[in-house]
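Trainee: I've got a new model open and need a quick tour. Can you walk me through it?

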Amino acid sequence: MDNQNIERYIRQLMDEAEQKAFEEEMSQDETLQEEVEFYEDVASLVRKRKTLMDVQTELDTTDFFSQEAKTVSMPNRRFGRVRSLLAYAASFLVLVVAGTTWWANANYSNQGLAGMEYDYIASGMTARNDGTQDPFADGIDAIEQGDYDAAVAFFETIPDTDESYTEALLYLAYAQYEQSNYQATLDVAQQVITNQPTTSNRFNAEWLIVQAQLASGKTDTDFEQNLEAIATNDNHDFQVQAQELQAKLNSLWRNLVF
Amino acid sequence: MNELLDRLRKGEKTAVKQLYEQYYHHCKWAILNSDGSDDDAKDVFQQAVVSLWNKVESPDFQIKSTLKGYLYNSCRYIWWNSLKKNKKMISTTNEEMPVLIDEDESAEKQAKETRLRLLYACIDAANEGCQRLLEITYFERLPDKEIANIINIGANSVRGKRKRCMDKLKACVKQKQQNNG
């Protein structure tokens, strides 16, 4: 096969008459067509590869590739504030409570233990940022401002076709928990787990289920098994919190709760 | 998204750069969380971009979700495939293998996609001399006389050298197809 003509055709070195004649020849010869296609593919991929290499070289000069991988983590500053608020609330409660029995009830009742702060670090969630604004920004702001009704209303509108639907469910469950709507929290958190979430999202959902069960007084075998599973999982994000909760549930103060 | 894909279709370097700036680190996260390294992430994302680039040249190509989701899933699929081929286990995640994106593509299109992927790998693995010669020919589009001066061979030898490079690529693709089959 005459590769010279193929090359001249691909590199557009033929005049109009030559090109027409060559295309006519191609239409009659399948092997020639395949060979031309191969040369076209090589030319196209070589150009693409060169462009990619050039882009990578440019980005290399700015340490682009060594930057942190992006998760769909909420900025720590947001939930750092929530965590601080929860910490201040717990301290305030401890300070104003008078009497040992009243203190034990405030801290060792189901509601008291379920009010434990937890880190809501959503590492592992799928990013949805298009570079301009986080589509969940309004809902997250509502949570931060304590407007859980607005947060629930926001996250309930996220369709199940959304690529970050599982993450929206997690936010929804959290907001419902803050509304004291524990059954809804349990239902939605269970749905998060059913949706085969990332490991981090599953851990968050499992801890939220334990919190909701505790807050609603559903401290039966299912609750104990859920808590035990977290407390004995060395890889679980909330293992330490679960062990602390177990310790408090088994403590002397728990016996003073009425 | 359509504007970016249009620019990519035209081969604009700024479009490629934008893809990296907006979506590379999400792909990197997926790879690092599946026992991959920084180099793996670079390699996988490059393959994902090339795959997308090849597909946008088809007039009926459409992304059903978002471009971010598409590239993210593309990265995961490429990485999982690579691990499967190398028989490596993933220790840090319980996630199942991602579903092949564009599942509803015709068998013919999928076969073409595979051929292009193998060919790209062969170009990537070719010796530096062939890579440089092909770049000068098809990217810089210089005439053979100038190419001869640049790579320091006789003008009459340029065509022969290029043919040998093409033959090596063909053999490489055939070998990879046999290994895959």
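Predicted model: local features only at pLDDT ≥ 70, side-chain atom pairs only at ≥ 80, totals over all residues.

Trainee: What does the secondary structure of chain A come to?

Mentor: Chain A has 13 helices and zero strands. Read from the N terminus, the elements run α-α-α-α-α-α-α-α-α-α-α-α-α.

Trainee: And the contacts in chain A with a separation of 6 or more: what share comes from residues 24 or more positions apart?

Mentor: That share is 63%.

Trainee: Switching to the partner. How many residues of chain A are in contact with chain B?

Mentor: 47 residues of chain A, and they meet 52 residues of chain B.

Trainee: How much area do the two bury between them?

Mentor: Chain A and chain B bury about 4700 Å². Carbon and sulfur atoms carry 60% of that. The size of an interface is often given as the accessible area lost when the parts come together.

Trainee: How many salt bridges does the rule find across that interface?

Mentor: Twelve, between chain A and chain B. One pairs the side chains of A:Glu37 and B:Arg115, at 3.6 Å from N to O.

Trainee: Which helices of chain A each supply at least two residues of the side that touches chain B?

Mentor: α1 (3–10), α3 (30–60) and α11 (199–215) of chain A. The largest share of that side comes from α3(A), with 23 residues.

Trainee: What kinds of residues make up the side of chain A that touches chain B?

Mentor: They divide into 15 nonpolar, 14 polar and 18 charged.

Trainee: Now confidence. What pLDDT does chain A average?

Mentor: Chain A averages 79, and 81% of its residues score at least 70.

Trainee: Where does pLDDT stay under 50 in chain A?

Mentor: Residues 72–78 of chain A are one such stretch, and the model has 13 contacts beyond four places in sequence for them. Residues 117–132 of chain A also stay under 50, with 56 such contacts.

Trainee: And what about chain B? Which helix has the lowest confidence?

Mentor: Chain B averages a pLDDT of 86, with 89% of the residues scoring at least 70. Helix α4 (residues 67–85) of chain B is lowest, at a mean of 88. Helix α6 (residues 128–138) of chain B is highest, at 94.

Trainee: Last one. What does the model score for ipTM and pTM?

Mentor: ipTM is 0.89 and pTM is 0.56.

Key: Residues numbered from 1 in each chain as written. Chains lettered and ligands numbered in written order. Heavy atoms only, no water. Contact = heavy atoms within 4.5 Å. Buried area = accessible area lost by both parts, 1.4 Å probe. Salt bridge = Lys/Arg side-chain N within 4 Å of Asp/Glu carboxyl O. Helix = DSSP H or I, 4+ residues; strand = E, 2+ residues; numbered from the N terminus. Nonpolar A, V, L, I, M, F, W, Y, C, P; charged D, E, K, R; others polar. pLDDT = per-residue confidence, 0-100.
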